[in-house]
Each structure stands twice: as structure tokens, then as C-alpha cells.
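Student: I would like to learn how to read a protein model feature by feature. Could you take me through one, giving the general idea and then the case at hand?

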Amino acid sequence: MKLLYSIITSLSMLINSCSNAMPAGGKVEENVISSGESIIIKNKNGEISYSYSGETKRRIIVDGNSNEIEMIARSKRFRGKLGLYNPGERWLSSGADDARIVVVEGEMHFDTMKDALAYLKQGSEIMDWQSNDQGYVGGFLKSPERNQINITIYRYYLDGKPITTLPRGGGSVRVSSAAGS
């Protein structure tokens, strides 16, 4: 099941990468983190650090291995989202094995809390979604058989405000800034 989810996610992102890519000089919209911020996600799959290093650049650390990736900004909505993504064009060097990194970052705007909870439930067994009281939702999956790591980071909104009452998983999502918050 993990393998199937990973394949479907990757193919979906690759198919839409060309048509949804931001033209040169375009605007990044609905990204989740900004300058100086990092998100640390702990779940059943381990721990990752996801940090802002430029408007479309992110530094990812998994199991002590680090790489900076160039994200692609969406110029039109894909499944209701703008934000940023990377369809797996970068590899995380981890010594003997290198892992391809597939990433999605964006805001999720919902009409009802029921819709938000239903979306949160989707893929929760595989991605092991974690959330916090600021509306941040993150999950990731390591697929050793594919040498791939899928990372998804959202910020959930209802009526234009972050959802602060999402159920928590067994891990955590922590957002920090260079100022230490």
C-alpha cells in the first residue's frame, strides 16, 4: 500500500509539473514557511527538518543527511492548491544509499471542518500526519524500496483563519523561527 501511494503521488506531481510551473519572474503564493522559519516533523517514520533557504529553496534534513532543493511554484491551482512542489528532481545523499525527495508545500483552504478532517484522514496511515495548534500539518514517508522520501507540509485554513483544533497524531509538528519562537 505504501508503495502504491508513493507511486501515485510521484506520478501525479510529475504529470502536472510542466503545466503548473510558475513562469520566470512569477509570484510564489500560498507557501507555508517564510524567511528564517523551519518545521520539524516527528512521526512513526522518523524526524525531518524542513527549512526556508530562499523564496523557492528549502533545506531538508533526514536522518542527519542534508540537501537544499529548488521548489517549483504553481501558477495555477492543482487539486485546489497553489504553493510549491518538487517532483523528485533532487536526491538526499545518505552515504551508501541516495534517496529521491518528493515534496509538496501549500495552504489548504476548507469550507467546513468536516472537509478538513476528511482530508486529514486521507493518507494518514501512510504519511502519519501530525498537526499543531497553529494549523500546520505535516507528514512524510520513507520508501526504501524506491529510494524515495515523500514530504508534505500544509497549513489548514477555515474561513481564512488557521485551524487550531485539528486532532494531533502521536508525533509532533514544531515551527521555529530564527528569532527562536
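Tutor: Gladly, and we begin with contacts: a contact means heavy atoms within 4.5 Å. In this protein, residues 24 or more positions apart account for 60% of the contacts with a separation of 6 or more. Before we go on, note that this is a predicted model, in which local features need pLDDT of at least 70, side-chain atom pairs count only at pLDDT 80 or more, and totals for chains, interfaces and linings use all residues. Residues are numbered from 1 along each chain as its sequence is written, and side-chain values use heavy atoms, with hydrogens and water left out.

Student: How many helices and strands are there in the protein?

Tutor: Helices (H or I, at least four residues) and strands (E, at least two) are DSSP runs, numbered from the N terminus. By that reading the protein has three helices and twelve strands.

Student: What is the order of the strands in the open sheet?

Tutor: For pairing, the rule is that DSSP finds at least two bridges between two strands. The open sheet has five strands in the order 4-3-2-1-12, with antiparallel pairing. Strand 4 (65-70) and strand 12 (172-177) each have a single partner strand and stand at the edges, so one side of each is left without a neighbour in the sheet. From one strand to the next, the twist averages 20 degrees; here axes are lines fitted to C-alpha atoms, for helices over the stretch in contact, and angles run from 0 to 180 degrees between N-to-C directions.

Student: Which residues stand opposite each other in those pairs?

Tutor: Take strand 1 (residues 37-43), which is joined to strand 12 by six bridges and runs antiparallel to it. There, Glu-37 faces Ser-177 in strand 12. Strand 3 and strand 4 also pair in the antiparallel sense over six bridges, with Arg-59 opposite Glu-68 in strand 4. Their hairpin has two residues between the strands, and Asp-63 takes a positive phi near 50 degrees in it.

Student: Is Glu-30 buried or exposed?

Tutor: Buried means under 20% relative accessible area, exposed over 50%, and partly exposed in between (1.4 Å probe, protein chains only). Glu-30 has a relative accessible area of 15%, so it is buried, while Asn-147 at 35% counts as partly exposed. Arg-79, in the loop between strand 5 (72-73) and strand 6 (84-94), is exposed because its relative accessible area is 59%. Across the 181 residues of the protein, 48% count as buried.

Student: Which residues have the most contacts inside the largest nonpolar core?

Tutor: In soluble globular proteins, nonpolar side chains tend to be buried together. A nonpolar core is a set of buried Ala, Val, Leu, Ile, Met, Phe, Trp, Tyr and Cys residues joined through side-chain atoms within 4.5 Å. The largest one here has 23 residues, and those with the most contacts inside it are Ile-39, Ile-41, Tyr-50, Ile-60, Val-103, Ile-151 and Ile-153. Among the strands that each supply at least two of its residues are strand 2 (46-54), strand 7 (97-110) and strand 10 (148-158). A second, separate core of 14 residues includes Met-108, Ala-116, Val-137 and Tyr-156. Back in sequence terms, Ile-151 touches residues including Ile-48, Ile-101, Met-127 and Phe-140.

Student: How many aromatic pairs are there?

Tutor: A pair of aromatic rings is described by the distance of the centres and the angle of the planes. Rings of Phe, Tyr and Trp (its six-membered ring) pair if their centres lie within 6.5 Å; planes under 30 degrees apart count as stacked, over 60 as edge-to-face and the rest as tilted. The count comes to five aromatic pairs. Phe-110 and Tyr-119 have ring centres 6.0 Å apart and planes at 55 degrees, so the pair is tilted. Trp-129 and Tyr-154 are also a tilted pair, because their centres are 6.1 Å apart and their planes stand at 35 degrees. This second pair links distant parts of the chain, 25 residues apart, and both Trp-129 and Tyr-154 are buried. One aromatic cluster is formed by Phe-110, Tyr-119, Trp-129, Tyr-154 and Tyr-156.

Key:
Lists of a residue's contacts leave out its neighbours within four places in sequence.
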